[in-house]
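Visitor: I would like to go through the side-chain contacts and the surface of this model. Please keep to computed values.

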Amino acid sequence: MEEIKKKYKEICKLFDENNPYGYSDKELNDVIECVGELPEALKFFYKKYGKTFSFFQDELMLPNKYPARLNDNYLVFFNENQGICQAAVKKSDVSLIDPPVYISVDDNEWNLAADKLSDFMVAMYGYQASIALEYNPEDIFFVSREEQKKIEERFTKRPETIKGWIDKKYEIILYGNDNCRIALMDMDGEDDIQMTYAANSEEELERMESLLSDIGEAI
């Protein structure tokens, strides 16, 4: 669990959050009574950080929040803001500390999104940060494959990614340090990639924009 806790602390540092808070034992016990056990990596996140972050984009949810989404084989815990797709763990994997995460657009076909739940959380909140951090250009950009190479050269690529978000085809690729995130939404087979980026300070945003001045076209 120490490695998992370290990953989650990265999220707080990125959002400059010093006072995280989460769900109570009673709230989590109510969930467990409804859906069964939860993986330790998910239970810890709910308890420590579950109520800390809120976004206009997508939402962390308790698996019993929307009964219509309860699934016989999967525990849904993350929802795209328009309900286009959901992320879940297999019920057969709940005894694992840090199980794989799967994504579905129809509750029937589930595809692997991340090998570890903790990596999914760091990647998803990194993606949210690229949109929701206070200092951002308030635009979405198209970047070419050639421009992506420039990003690779100028920024540190993050190890965590998410596969199959939105419509099974998008891969979320992330770059940045403790104070910023660049997110690329890479749809296989398309020439252009969508980019969002943001920082937790004005100085960091200025640094990013100086390195991105010749990259991207606002949509």
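This is a predicted model: local features need pLDDT of at least 70, side-chain atom pairs count only at pLDDT 80 or more; totals for chains, interfaces and linings use all residues.

Visitor: How many aromatic pairs does a search of the whole structure find, and what class is the pair of tyrosine 8 and tyrosine 49?

Guide: The search of the whole structure gives 15 aromatic pairs. For tyrosine 8 and tyrosine 49 the centres are 6.1 Å apart and the planes are at 80°. Planes over 60 degrees apart count as edge-to-face, so the class of this pair is edge-to-face.

Visitor: Which helices hold tyrosine 8 and tyrosine 49, and how many residues apart are they?

Guide: The pair links distant parts of the chain. Tyrosine 8 belongs to helix 1 (residues 2–14) and tyrosine 49 to helix 3 (residues 40–49), and they are 41 residues apart.

Visitor: What class is the pair of phenylalanine 45 and tyrosine 125, and are the two residues buried or exposed?

Guide: Phenylalanine 45 and tyrosine 125 have ring centres 5.4 Å apart, with 35° between the planes. Stacked requires under 30 degrees and edge-to-face over 60, so this pair is tilted. It joins helix 3 to helix 4 (residues 117–132) across 80 residues. Phenylalanine 45 and tyrosine 125 are both buried.

Visitor: Which residues do ring pairs link into a cluster?

Guide: Tyr8 and Tyr49 are in the cluster, and so are Phe45 and Tyr125.

Visitor: How many salt bridges are counted, and which residue does lysine 47 pair with?

Guide: The count comes to 17 salt bridges. Lysine 47 is partly exposed at 45% relative accessibility.

Visitor: Why are lysine 149 and glutamate 146 separated by about one helical turn, and what is the distance between their closest N and O atoms?

Guide: Both residues lie in helix 5 and are three residues apart, which means a separation of about one helical turn. Lysine 149 is partly exposed at 46%, while glutamate 146 is exposed at 51%. The two form a salt bridge, with closest N and O atoms at 3.3 Å.

Visitor: Are arginine 158 and glutamate 160 buried or exposed?

Guide: The side chains of arginine 158 and glutamate 160 meet in a salt bridge at 2.8 Å, N to O. Both arginine 158 and glutamate 160 are buried.

Visitor: Which residues make the nonpolar surface patch of about 270 Å²?

Guide: One member, isoleucine 219, sits in the segment after strand 11 (217–218). Isoleucine 219 counts as exposed because its relative accessibility is 57%. The patch is made by Ile140, Phe142 and Ile219.

Visitor: Which residues gather in the patch of negative charge?

Guide: One of them, glutamate 190, is in the loop between strand 9 (180–187) and strand 10 (193–199). Glutamate 190 is partly exposed at 41% relative accessibility. The patch consists of Asp188, Glu190, Asp191, Asp192 and Glu217.

Visitor: What is phi of aspartate 16, and what is phi of glutamate 138?

Guide: Aspartate 16 lies in the loop between helix 1 and helix 2 (25–35), and glutamate 138 in the loop between helix 4 and strand 6 (141–143). Aspartate 16 is exposed at 54%, and glutamate 138 is exposed at 70%. Each has a positive phi in a residue other than glycine: near 50° for aspartate 16 and near 60° for glutamate 138.

Notes
Residues are numbered from 1 along each chain as its sequence is written. Side-chain values use heavy atoms; hydrogens and water are left out. Rings of Phe, Tyr and Trp (its six-membered ring) pair if their centres lie within 6.5 Å; planes under 30 degrees apart count as stacked, over 60 as edge-to-face and the rest as tilted. Helices (H or I, at least four residues) and strands (E, at least two) are DSSP runs, numbered from the N terminus. Buried means under 20% relative accessible area, exposed over 50%, partly exposed in between (1.4 Å probe, protein chains only). Patches are made of residues with over 30% relative accessible area and no salt bridge: like charges are joined within 9 Å, nonpolar side chains (Val, Leu, Ile, Met, Phe, Trp, Tyr) within 5 Å. Accessible areas come from the Shrake-Rupley method with a 1.4 Å probe; for residues, only the protein chains shown count as cover. A salt bridge is a side-chain nitrogen of Lys or Arg within 4 Å of a carboxyl oxygen of Asp or Glu. Lys and Arg count as positive and Asp and Glu as negative; His and the chain ends are not counted. The place of a charge is taken as NZ of Lys, CZ of Arg, CG of Asp or CD of Glu.
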